[in-house]
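Let's walk through this model together, one neighbourhood at a time.

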Amino acid sequence: MSQPTLISAQGLSVHYALRGGLIGPKPYVGAVENVDIEIAAGSFFGLVGESGSGKTTLGRAMLRAAPISRGDVHFDDGEVSYSLKDLGKQDLKDYRKRAQLIFQDPYAALSPRMTVRDIIAEPLEVMGLTSSRTETDERVREIAAKCRLNVEHLRRFPHAFSGGQRQRISIARALVSGPKFIVADESVAALDVSIQADVLNLLKAIQEDMGLTFLFISHDLSVVAHVCDHVAVMYLGRIVETAPTRTLFSTPRHPYTTALLSAIPSLDPDDRGKVQKLEGEIPSPTNPPPGCKFQTRCPHAIDLCRTQEPSLEHAGTEHRVACHRWQEVGGEAN
Ligand SMILES: Nc1ncnc2c1ncn2[C@@H]1O[C@H](COP(=O)(O)OP(=O)(O)OP(=O)(O)O)[C@@H](O)[C@H]1O
Ligand SMILES: [Mg+2]
């Protein structure tokens, strides 16, 4: 049976105003443009794309931590239903309990002067979720155990921990308020490969145990292939393709997705030297090209692509793609 949608965006745009522009329209960075996305309850949903494509901004907008310039985000966990654009102060406070961020850098995210116990307890205290120190301690111990930290660890300061352990502390802090939705932004990127696997396994175990829904932001497609059930590909603030992971990796339809996939180095020694590099750079979101945003780098671009922006259309069950020519050029993965 398919799961209900936990969180979705409709025509979501995030614009950051730039200085200048006394004459004519005010310049802005279109960090996220007209994004439609639906994340089912219990999903481990991957978000990929090059640096600057708007992944962090989209994740933050879904937490109401980036401004919503146009469109909206809807959240419904069966207990509450919110439209994030016009969330009142009280509801926003409640939403903070239900939707949390795990930071990218476990070294920068933890205050060096607080014990691990206090770091994990802080959200409970700030949100007023517990009524006594005993209750707070109990909750901290419970969540620490889920994150494979023991009671000894709680008395120490973060500098005494390895990168993987610090990331587990960050995870415990994000989970302590009992959220339903987690944005994990490059949560394993700073870690050693073997520790990455530990942290990923922990996230998956916690997801099942606590019934969480993840938006998992990563530039590493091989990690996404292993842990995510659905993936959306971003380019210059837009979603250009989205599908169940297996479909996206076996039958990518957008030339950008195909290019990203063929840039994954193979482990097969016979393939040595065959990694293809995506040519050129992502254009500036302040001054995006007309038409399809990928046309400046796309080997298949025709006149239509240079004038008209394609919208996301159905390319199969749960598979959507924004390309005028996907039926002609959709590539097979390597
Ligand atoms: N607060 C801000 N003010 C102005 N521009 C911003 C702000 N935050 C992000 N941007 C711009 O929005 C665009 C998208 O940035 P974002 O950080 O969301 O990309 P990303 O996909 O997460 O990149 P990375 O993979 O490097 O983390 C970039 O061009 C960035 O410079
Ligand atoms: Mg980012």
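Arg-64 is partly exposed, with a relative accessible area of 24%; here buried means under 20%, exposed over 50% and partly exposed in between, computed with a 1.4 Å probe on protein chains only. You will find Arg-64 in the loop between H1 and S4, where helices (H or I, at least four residues) and strands (E, at least two) are DSSP runs numbered from the N terminus. Its phi is near 60°, a positive value in a residue other than glycine. Glu-318 also has phi near 60°, again positive in a residue other than glycine. Glu-318 sits in the loop between strand S11 (313–316) and strand S12 (319–321), and its relative accessibility of 49% makes it partly exposed.

A word on what you are looking at: this is a predicted model, in which local features need pLDDT of at least 70 and side-chain atom pairs count only at pLDDT 80 or more, while totals for chains, interfaces and linings use all residues. Residues are numbered from 1 along each chain as its sequence is written, chains are lettered from A and ligands numbered from 1 in the order in which they are written, and side-chain values use heavy atoms, with hydrogens and water left out.

Now move to ligand 1. The residues around ligand 1 (a heavy atom within 4 Å) include Tyr-16, Val-29, Glu-50, Lys-55 and Pro-285. Which element gives the largest share of this shell? That is H1, with three residues. By class, the shell has four nonpolar, six polar and two charged residues; Ala, Val, Leu, Ile, Met, Phe, Trp, Tyr, Cys and Pro count as nonpolar, Asp, Glu, Lys and Arg as charged, and the others, Gly among them, as polar.

Look next at the oxygen atoms of the ligand. One lies 2.5 Å from an N or O atom in the side chain of Ser-51. A backbone N or O atom of Gly-52 is 2.8 Å from an oxygen atom of ligand 1, and for the side chain of Thr-56 the distance from an N or O atom to a ligand oxygen is 2.8 Å. Strand S2 (28–40) and helix H1 (55–62) are the elements that give two or more residues to the shell.

A search of the whole structure finds seven aromatic pairs; rings of Phe, Tyr and Trp (its six-membered ring) pair if their centres lie within 6.5 Å, and planes under 30 degrees apart count as stacked, over 60 as edge-to-face and the rest as tilted. In one pair, the rings of Phe-75 and Tyr-95 have centres 5.0 Å apart and planes at 75°, so the pair is edge-to-face. Phe-75 lies in strand S4 (residues 70–76) and Tyr-95 in helix H2 (residues 89–98), so the pair ties together parts that are 20 residues apart in sequence. Phe-75 is buried, at 1% relative accessible area, and Tyr-95 is buried at 0%. Elsewhere, Phe-44, Phe-214 and Phe-216 form one aromatic cluster.

Finally, find Gln-196 in helix H7 (residues 193–210). At 13% relative accessibility, Gln-196 is buried.

Definitions and conventions: Polar contact = N/O pair within 3.5 Å; in protein donor to acceptor, adjacent residues only side chain to side chain.
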